[in-house]
Amino acid sequence: MVSERRELVGFSRTIDAEAMLAGYRKGIFAMSYWGVLYKWWSPDPRGVLPLDNLRVTRSLRKSVGRFTTAIDGDFDAVVQECADPGRFGGWIDAGLARGYRQLHEMGYAHSVETRDDAGNLVGGLFGINIGGFFSGESMFHSSRDASKVALVTLVERLRGTGQPILLDTQWRTEHLTSLGVIDMDRAAYLERLASVIDAPQAL
């Protein structure tokens, strides 16, 4: 269970790309609360995925061969899928979606799309990249393993930069744990964030 007293650090009635960018630089991110206001979070511990820790099972490796992936091929479509109001626990409202679009135009927000043999979008993820920091915001799938395949593509791309990377998943869930996500306490996280945030853009 999330301890709001420990992890919730602020509220705002409005949101924009500049505020979001400033938050990420300080280890803080926003989520919509019933479309009324925005809660700003700084989880402790923080979920992070060390790039060498990604667990690719035999079945997932087979799935990688069944799909094609691309980066920034259709950012808006990925955000739209992730923001589907019918999704359980949905937290991306119109204000956040606009902010992500603005960050994409500024070169900070990126998507990974997964497509089937017919070219249909069947999964993907998007997140924020600042220097050597990447915050995974949300992922979706309509075909088995399609979102995991997008994650494999992202990790391989980040590994290919050869620079230190902090891949942030915000919280560690049971599902993310199965992929190799670990906990990092806030102090260690913020120290690591400061060490990579001003590096060259990874994506």
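Buried, in these legends, means under 20% relative accessible area, exposed means over 50%, and partly exposed lies in between (1.4 Å probe, protein chains only). The model is predicted, so local features need pLDDT of at least 70 and side-chain atom pairs count only at pLDDT 80 or more, while totals for chains, interfaces and linings use all residues. Residues are numbered from 1 along each chain as its sequence is written, and side-chain values use heavy atoms, with hydrogens and water left out.

**View 1**
Let us start with serine 147, which lies in helix α6 (residues 146-159); helices are DSSP runs of H or I with at least four residues, strands are runs of E with at least two, and both are numbered from the N terminus. Serine 147 counts as buried because its relative accessibility is 8%. Leaving aside residues up to four places away in sequence, serine 147 touches Gly124, Leu125, Met139, Phe140 and His141, where contact means heavy atoms within 4.5 Å.

**View 2. Helix α6 from end to end.**
Since 10 of the 14 residues of α6 are buried, the helix is largely enclosed by the rest of the structure. Among the buried residues, besides Ser147, are Val149, Leu151, Val152, Leu154 and Leu158.

**View 3. Helix α4 and its packing partners.**
In α4 (residues 75-82), look for Phe75, Ala77, Val78, Val79 and Cys82, which are buried. The buried residues of α4 pack against helix α5 (94-105) and against the strands β6 (109-115), β7 (121-130) and β8 (133-141).

**View 4. Arginine 25 in helix α2.**
Arginine 25 has its place in helix α2 (residues 17-25). With 37% relative accessibility, arginine 25 counts as partly exposed. Its contacts, not counting residues up to four places away in sequence, are Ile130, Leu193, Ile197 and Asp198. Tryptophan 91 is 66 residues from arginine 25 in sequence and 21 Å from it in space, C-alpha to C-alpha.

**Setting for the close-ups.**
If you zoom back out, the protein has 8 helices and 10 strands. Buried residues make up 48% of its 203 residues. Its C-alpha trace spans about 45 × 35 × 35 Å along the principal axes. Of the contacts with a separation of 6 or more, 73% join residues 24 or more positions apart.
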